[in-house]
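Welcome! Here is a short tour for anyone meeting this structure for the first time. Have a look at the model, then read on.

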Amino acid sequence: MKRLLLVAALALAAWESNAQQNLGAAMRDYELEKYNSALAKFQQAAEADTSNLWAWYYAGVTALQSEQLNKAESFFQRGVRANPNHPLNFAGMAQLQNRKQQFEAVTATFTLVSQKSLGNRKFKDGEVFAVLAQALTDGDRKDTANAFAMEAKALELAPKSPVALYAIGQMRKQIDDNGNAVKYFERAFTFDPKMAKAMWECGALFIDARNIELGKEYINPYWEAINLRIETNARIMVT
């Protein structure tokens, strides 16, 4: 009996380790904009552990990034079904609704998320507040007042989280506050030097501001990894 329990424990540990490795590989592909590969890995990780809300969330976000809106909605909905009391995948739904210009739906979703997060004193996940701030500004109509409130809560709860800082950087970028966007992207990279995407975002912002040389300093270390497209490469060469 003890031997069977030991074998089961070892099998479980191996499964958890493999699942963690799959998520890590998926995140790396996502950062390198290999969205098809990342999406397949996030979906595999989520279906292997249907209670993993972040796997469902990132599957949805990755689908959103590659303009697969129906898939994004399906993944967020499955994340909601996995835990209807957790606001993370509701935040994903708000981001999708904002992207689709379903502004009344965004308001309703945000109200629901607020009840599950701000209305719950026990809820202390700063990263969720950060992705919600990003969601509220990802579209033509930007709810900056509520986004700033979410940002403040995120920084209070998770001031050193690369995930939170990157999401806040994206939020600031989406409202054209590029100076603060660079600040948060740099802080994200400081706490996670493997987050190449954060430095790429900094470089792209400097290039857009016509500061080509400084932009290239940020981007060059990740040139091959990020697999820049021809049109991006052409933009960088503008003098």
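## Aromatic pairs

A search through the whole structure turns up seven aromatic pairs. Here, rings of Phe, Tyr and Trp (its six-membered ring) pair if their centres lie within 6.5 Å; planes under 30 degrees apart count as stacked, over 60 as edge-to-face and the rest as tilted. Take Phe-42 and Tyr-58: their ring centres are 5.5 Å apart and their planes meet at 15°, so this pair is stacked. Phe-42 sits in helix H2 (residues 35-48) and Tyr-58 in helix H3, so the pair links distant parts of the chain, 16 residues apart. Phe-42 has 0% relative accessibility and counts as buried, and Tyr-58, at 13%, counts as buried too. Buried means under 20% relative accessible area, exposed over 50%, and partly exposed in between (1.4 Å probe, protein chains only).

Another pair joins Tyr-166 and Phe-185, with ring centres 5.4 Å apart and planes at 50°, so the pair is tilted. Tyr-166 belongs to helix H9 (residues 162-174) and Phe-185 to helix H10 (residues 178-191), so parts 19 residues apart in sequence are tied together. Both Tyr-166 and Phe-185 are buried. Ring pairs also build a cluster, linking Phe-42, Trp-54, Tyr-57, Tyr-58 and Phe-76.

## About the model and the whole chain

This is a predicted model, in which local features need pLDDT of at least 70 and side-chain atom pairs count only at pLDDT 80 or more, while totals for chains, interfaces and linings use all residues. Residues are numbered from 1 along each chain as its sequence is written, and side-chain values use heavy atoms, with hydrogens and water left out.

What does the secondary structure of the chain come to? There are 14 helices and zero strands. Helices (H or I, at least four residues) and strands (E, at least two) are DSSP runs, numbered from the N terminus. Of the 239 residues in the chain, 46% are buried. Among contacts with a separation of 6 or more, 56% are between residues 24 or more positions apart; contact means heavy atoms within 4.5 Å.

## Helices H3 and H5

How do H3 and H5 lie relative to each other, roughly parallel or roughly antiparallel? The axes of helix H3 (residues 53-65) and helix H5 (residues 88-99) come within 9 Å and cross at roughly 10°. The two helices are therefore roughly parallel to each other. Axes are lines fitted to C-alpha atoms, for helices over the stretch in contact, and angles run from 0 to 180 degrees between N-to-C directions. Angles under 35 degrees count as roughly parallel, over 145 as roughly antiparallel, 65 to 115 as roughly perpendicular and the rest as oblique.

On the H3 side, the contact is made by Leu-53, Trp-54, Trp-56, Tyr-57, Val-61, Leu-64 and Gln-65. H5 contributes Leu-88, Asn-89, Gly-92, Gln-95, Leu-96 and Arg-99. Sorted by class, this contact has eight nonpolar, four polar and one charged residues. In this sorting, Ala, Val, Leu, Ile, Met, Phe, Trp, Tyr, Cys and Pro count as nonpolar, Asp, Glu, Lys and Arg as charged, and the others, Gly among them, as polar.

Helix H11 (residues 196-208) has 13 residues and reaches 18 Å from its first C-alpha to its last, close to the 18 Å expected at 1.5 Å a residue. That expected span is 1.5 Å times one less than the number of residues. H11 is mostly covered, with 12 of its 13 residues buried; among them are Trp-200, Glu-201 and Phe-206. After the helix comes Arg-210, whose phi is positive, near 70°.

Lys-197 lies in H11 and, at 6% relative accessibility, counts as buried. Not counting residues up to four places away in sequence, Lys-197 touches Glu-31, Glu-33, Tyr-35 and Tyr-166.

Asp-138 is found in the loop between helix H7 (126-135) and helix H8 (144-157). At 10% relative accessibility, Asp-138 counts as buried. Neighbours within four places in sequence aside, Asp-138 is in contact with Gln-95, Asn-98, Arg-99 and Gln-174.

Ala-167, in helix H9, is buried with a relative accessible area of 1%. Phe-189, in helix H10, counts as buried at 17% relative accessibility.
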